[in-house]
Amino acid sequence: MIANSEEKRMKSKDGQNSSTQLQEAIGLRSPRLFLEREYVTISVQAQQDKDCPKIWESLKQAFIYKNPCNITTEDYQPLMELASHPIPCNKSLFWSKTNDLVHRYTKSNHNFLTLEDTLLGYMADRVSWCGDPSAPGINYESCPKRTECESNPISVFWKMASKMFAEAACGVVQVMLNGSIEAGAFRSSSIFGSIEISNLNPDKVSAVQIWLMHDIGGPQSESCSGYSIRRLKDTLEERNLKFTCEENHRPVQLLQCVNNPDHADCRLCSSKTETP
Amino acid sequence: MNSFFLSLLFLSLLFMTSLSEGQGKKWKGEGTTPNLESIVIGRCYEYTRIVNPSVGEKNCSELWEAFKNAFIKKDPCNILPTDYELFINLSLHTIPPNKSLFWENNQLLVNSFSGRTRRYTALGDTLFGFFADLLNWCGQATSPGLDYDSCPTTEECENNAVDSFWRMASITYAQHSSGVIHVLLNGSAEGGAYPVKGFFADYEIPNLQKDKISKIVIWVVDDIEGPDGDSCGIHTVKILEDRLKTLGYDVTCTDDYKPVMFLLCVDHPDHSKCAFSSSAPAAQRGPISSDRGGSWNKLMFVTFVGLLFRSALVY
């Protein structure tokens, strides 16, 4: 899924220092810091030997001084190789139109990893970058949106990273979809639909488990037998991938209830009233 | 003569053993986090550019220098909270009223619950707290001035770099909190939900600004699998409530505060405490699976028909 950062514009008052700032915001989120984050403890081994300054260099080389509408996957190849790491089986969590919820979930439950919980995704999340042929080679004023040109540094990055994340998945994989949106829970034009599904390896992936979440008190626009879910099922089965669908997967629904504790759908058996 | 040499040998062995022990780690605690400088400077940019840009621009290199100078090249057992004064002055920013969240014995839970300032702004969600959260550091007299090998624990010396930092940070956080103050306590904690000696008791409560505070709200939540220890109105929580009331605060207390309960339940969805009442939505339908082989079903059907046919023949 293309991160929101793709649409942001990055501004800096002091052009001179901004390269350092970008470097430090992206490149120096070192492995050690990453290791400290709770949700990484399951894949600690994989990150032990990462060279952060080198990773920053390879990211920088991918876009600096280049036309920001002409970025290719080859530009990012060295970065992808340096920063990728294996993902434990049964832990890959894909998502579409559930950005906020899925990441709150992986922050609370350390059994699953989204792309943004891997080193590559973590470094790039919520950050934007693009180059320019003239000095200093990095454009801090504005960057092209996807609608302006598709081969911009951010879009190409996330497409590549998503592809690799899907290729690395093994065992049972999970997908969190939004059953409360009008346009349908599954869209073939989304990153999940257009890139991730086609890069899942049926020899490694035993099943694809859909968690179809409805907003608390929100419309139930789609169910597991809904139109787009059936299309998803067909697409997966064509690729010889086993499909299951569950509505409102409990642990995730409990998380939604944190923000809606008094809603009728969130009534707990053990609820007590406030003591003054 | 023999016994003399034996004693000499014994003494030499003792001496050598004590020497090699001395060459082991100096302190009992973990050493300074590797790449500390890169991490904290990166965090400073992450916080000011992404997490909470409302704090404005901060000079992250200057912040690191001020932080570092509090303990680098110094005796690691002689660092005081005031050594961090410059760092605090440089990193200080307003804490929105009604957003402060104090806590004891539930750091990871608070971290999740506060949502990095989206719900509340706990100490770890301020720039100065975010800067150092979960990291470790201490100095040493010799180059490079930071000890990456080991650091003193609180038991080894109270005035160590990390504890003094958090004392200073806690004092500052309390001083700049206003409006409705929240405190999240762990009802299952050993020794009680409210530690009578702890950061909250010793550094935060004494530094709350009474004239800026409208109310103090206490939440006592037990671990899902944990014992039902303390609750509002009893044991250590009562001690806390009385202390705050004596100080003149308007205090309320709630057990099993629902939003936090839900958060804890995410990891224990099947626990009885986490069961939804029967009026839960019909949306909780069972899983729908794929037919792995349409051909398998056909085979079953044919077999069934075959069996039927065969039984018909028999009769």
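**Review note on a two-chain predicted model**

1. Asn105(B) lies in the loop between strand S2 (100-104) and helix H5 (107-114) of chain B; helices (H or I, at least four residues) and strands (E, at least two) are DSSP runs, numbered from the N terminus. Although Asn105(B) is not a glycine, its phi is positive, at about 65 degrees. The residue is partly exposed, with a relative accessible area of 41%; buried means under 20%, exposed over 50% and partly exposed in between (1.4 Å probe, protein chains only).

2. This is a predicted model, in which local features need pLDDT of at least 70 and side-chain atom pairs count only at pLDDT 80 or more, while totals for chains, interfaces and linings use all residues. Residues are numbered from 1 along each chain as its sequence is written, chains are lettered from A and ligands numbered from 1 in the order in which they are written, and side-chain values use heavy atoms, with hydrogens and water left out.

3. Confidence in chain A deserves attention. Its mean pLDDT (the predictor's confidence in each residue, from 0 to 100) is 85, and 80% of its residues reach 70 or more. Over residues 1-19 of chain A the pLDDT is below 50, and this stretch has 45 contacts in the model beyond near neighbours in sequence, a contact meaning heavy atoms within 4.5 Å. Residues 27-46 of chain A also have pLDDT below 50, with 66 contacts beyond near neighbours in sequence. Where pLDDT is low, the predicted coordinates should not be read in detail.

4. Lys73(B) sits in the loop between H3 and H4 of chain B. With a relative accessible area of 52%, Lys73(B) counts as exposed.

5. Two cis peptide bonds should be noted. In chain A, the bond from Ala135(A) to Pro136(A) is cis, with omega near 5 degrees; Pro136(A) is placed in the loop between helix H7 (119-124) and H8 of chain A. In chain B, Ser143(B) and Pro144(B) are joined by a cis peptide bond with omega about 5 degrees, and Pro144(B) is in the loop between helix H6 (127-132) and strand S4 (150-151) of chain B.

6. Over all chains, the structure holds 33 aromatic pairs. Tyr76(A) and Phe157(A) form one that is edge-to-face, with 5.6 Å centre to centre and 75 degrees between the planes. This pair links distant parts of the chain, 81 residues apart: Tyr76(A) belongs to helix H5 (residues 73-83) of chain A and Phe157(A) to helix H8 (residues 153-168) of chain A. Both Tyr76(A) and Phe157(A) are buried. In chain B, Phe67(B) and Tyr84(B) form an aromatic pair that is tilted, at 6.0 Å centre to centre and 40 degrees between the planes. Here too distant parts of the chain are linked, 17 residues apart, with Phe67(B) in helix H3 (residues 60-69) and Tyr84(B) in the loop between H3 and helix H4 (85-91) of chain B. The criterion is that rings of Phe, Tyr and Trp (its six-membered ring) pair if their centres lie within 6.5 Å; planes under 30 degrees apart count as stacked, over 60 as edge-to-face and the rest as tilted.

7. S1(A) pairs with strand S2 (residues 171-178) of chain A in the parallel sense over 4 bridges; strands pair if DSSP finds at least two bridges between them. Opposite Trp95(A) stands Met176(A) in S2(A).

8. Of the 315 residues of chain B, 49% count as buried. Helix H7 (residues 161-175) of chain B is mostly covered, with 14 of its 15 residues buried. Ser231(B), in the loop between strand S6 (213-221) and helix H9 (235-246) of chain B, is buried, with a relative accessible area of 17%. Not counting residues up to four places away in sequence, Ser231(B) touches Val220(B), Val237(B) and Asp255(B).
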